[in-house]
Every structure is written in C-alpha cells, then in structure tokens.
Amino acid sequence: MIRLLYQFPTWMQQLYRGVTWRRGTNACQDRVAYLTFDDGAIPEVTPAILSVLAQYRVKATFFVVGENIEKYAHIYARILAEGHRVGNHTYHHVKGSKCSLEEYMREVEACERAMNENSKIQRFKDSKIQGVKDSKIPLFRPPYGKMTFRQKRAILAKGYEIVLWDVLTHDYNPRYTPDKMLQIVQRYTRNGSIINFHDSVKSGARTIEVLPKVIEWLQAEGYRIDVL
Ligand SMILES: [Zn+2]
C-alpha cells in the first residue's frame, strides 16, 4: 500500500506505456540516480537549489514552466549556464484533463518556444560545458503527472521523451518533513531512479533543506548523480 503513495503503481505504468519512469544504465558496476525539479524557474527557490547543486558539483534536470522562463529569464539562463538539463512542463502548468488536445499542444508549443528563445544565447556556450549531454530528444513532463492518452500520443509523436519519476518526495505537501522526504528517497531509490522535487514556493524551504542530505546519502551509497 505504501508503495502506491510514493511510486506509481505497476498498473499505471502499464497504462502509461512509452513513458520513462526510471532509467537504467548499461554498465553493471555503475549506479546512477537523477534529481529532477519541477515548476521553476522562480526567484524564491531556484537560485538556492542551484547553489546547493553547485556546492556538491551535481547536475540535475529542471522541468520548467514557460511563463516562468519569460518572467525570470536570468534564472533560466543560470540553470543552463551551470550545465543542468531542462525539460518542457507546459506554458501555464496546465492539467491535461482540463484541456482539449489542441489547447494542451498549444501549451507544450508555447513552452517550447519560450525555452528556445531563451536558450539561444546559451546554446553555443552549453556545448562546451563538460558533463552536459547534447539533448537531441527533448524532454516533457506533464504537470501533476497526468495527461490523457491522446495528449500522450501527440507529445510522443512530436518527438518528446515523456519523463515521470519512480520516487516522489511529496515536497509540495507541508505534512512531509525533510526527514520524511529523506526516508522516502532512502527506501525507494534504486539504480536509474528518477527522483521528483519541486522548485516552487509551496515546496521551497523544505526542498532546499533536504537536498544536501539527499545528495550526501546518494553519494555515500555509491550513486552517480546525472542529468537525464
Ligand atoms: Zn508541476
């Protein structure tokens, strides 16, 4: 039962076929984990998270909201300049079930435009940053982890890799203390795990507090932390 709360149940993974939940590596000696942050970029939280990541020399993946990129272009630029990877999280953080297919795809495209327009200056420099993967397949994560099957199909057809997660920290929920979030990570992370955090006002302080502990634990357990 507890697994249902922190991880997507197997039946749901079946329904969401074609979606990435976890990403294993080929090398059997290698253990890897992926930190992901949704809903930024915002001045209240994102810079503090970037500073923690820089302190530990760790790269992460940010699923950004289009309107935030346009409002806070300098923070988005900092994410890119520091060698992290970015993915599309729609323009207004919309719920798939509340949108028609056309509306949803307009949201995806508007976010994509905002990302591209604000990446132009960075792109050349990025290719020189060590450790950054050439992101040939763009990443998409649906807000709330939900979308309709038609939306899923259309996004895959556009060439996106849809990335969910297999470890949910619940950092947006004030009842989850940093200690509890750390316990979830310790209990459910395995090789290739994609760990879900938020750089949002709601999660803010607790995410920033738990992040160093999560990184230290992952590194002590022998995980390499990488961008998706
Ligand atoms: Zn979100």
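These are my notebook entries on one predicted protein model.

**Entry 1: the overall picture**

I began with the whole chain. The protein has nine helices and eight strands. Of its 228 residues, 54% are buried. Among contacts between residues at least 6 apart, 78% join residues that are at least 24 apart.

**Entry 2: strand β1**

Next I picked strand β1, which covers residues 32-38. How many of its residues are buried? I found that seven of the seven are.

Then I checked which way the residues of β1 point. Val 32, Tyr 34, Thr 36 and Asp 38 point one way, while Ala 33, Leu 35 and Phe 37 point the other way.

Which strands pair with β1?

- Strand β8 (residues 224-226) pairs with β1 in the parallel sense, over three bridges. Here Ala 33 stands opposite Ile 225.
- Strand β7 (residues 193-198) pairs with β1 in the parallel sense too, over six bridges. Ala 33 turns up again, now opposite Ser 193.
- Strand β2 (residues 61-64) is also a parallel partner of β1, with three bridges. In β2, Phe 62 is the bridge partner of Phe 37.

**Entry 3: from β1 over α3 to β2**

I followed the chain onward from β1. Together with helix α3 (residues 46-55) and β2, strand β1 makes a right-handed β-α-β unit.

Which residues of α3 are buried? My list reads Thr 46, Ile 49, Leu 50, Val 52 and Leu 53. They cover an arc of only 160° around the axis, so they sit on the same side of α3.

Just after α3, I spotted Arg 57 with a positive phi of about 55°.

**Entry 4: the zinc ion**

Which protein atoms are the donors of the zinc ion? They are OD of Asp 39, NE2 of His 89 and NE2 of His 93, at 2.0 to 2.1 Å from the zinc ion. In sequence, the donor residues follow the spacing D-x49-H-x3-H. Asp 39 and His 89 link distant parts of the chain, as they are 50 residues apart. Asp 39 is in the loop between β1 and α3, and His 89 is in the loop between β3 (85-88) and α6 (101-126). I checked both for burial, and Asp 39 and His 89 are each buried.

Why does Asp 39 count as buried? Its relative accessibility is 16%, and the cut-off for buried is under 20%.

In the loop between β1 and α3 I also found Ala 41. The peptide bond from Gly 40 to Ala 41 is cis, with omega near 5°.

Thr 90 was my next stop, in the loop between β3 and α6. Its phi is near 70°, a positive value in a residue other than glycine. Thr 90 counts as buried, at 0% relative accessibility.

**Entry 5: cysteines and a threonine**

How many disulfides are there? I looked for cysteine sulfur atoms within 2.5 Å of each other, and the count came to zero. I looked at two cysteines for burial as well. Cys 99 is buried, with a relative accessible area of 18%, and Cys 111 is buried at 0%.

Last, I turned to Thr 177, in the loop between β6 (167-168) and α8 (178-188). Is Thr 177 buried or partly exposed? With a relative accessible area of 39%, Thr 177 is partly exposed. I also looked up its distance to Thr 207, which lies 30 residues away along the chain. Their C-alpha atoms are separated by 9.4 Å.

Conventions
Residues are numbered from 1 along each chain as its sequence is written. This is a predicted model: local features need pLDDT of at least 70, side-chain atom pairs count only at pLDDT 80 or more; totals for chains, interfaces and linings use all residues. Side-chain values use heavy atoms; hydrogens and water are left out. Buried means under 20% relative accessible area, exposed over 50%, partly exposed in between (1.4 Å probe, protein chains only). Helices (H or I, at least four residues) and strands (E, at least two) are DSSP runs, numbered from the N terminus. Two strands pair if DSSP finds at least two bridges between them. A crossover is right-handed if, with the strands pointing away from the viewer, the path from the first strand over the helix to the second runs clockwise. The arc is that of the directions from the helix axis to the C-beta atoms. Donors are N, O and S atoms within 2.8 Å of the metal (3.2 Å for Na, K and Ca); water is not among the atoms, so sites may look incomplete. Contact means heavy atoms within 4.5 Å.
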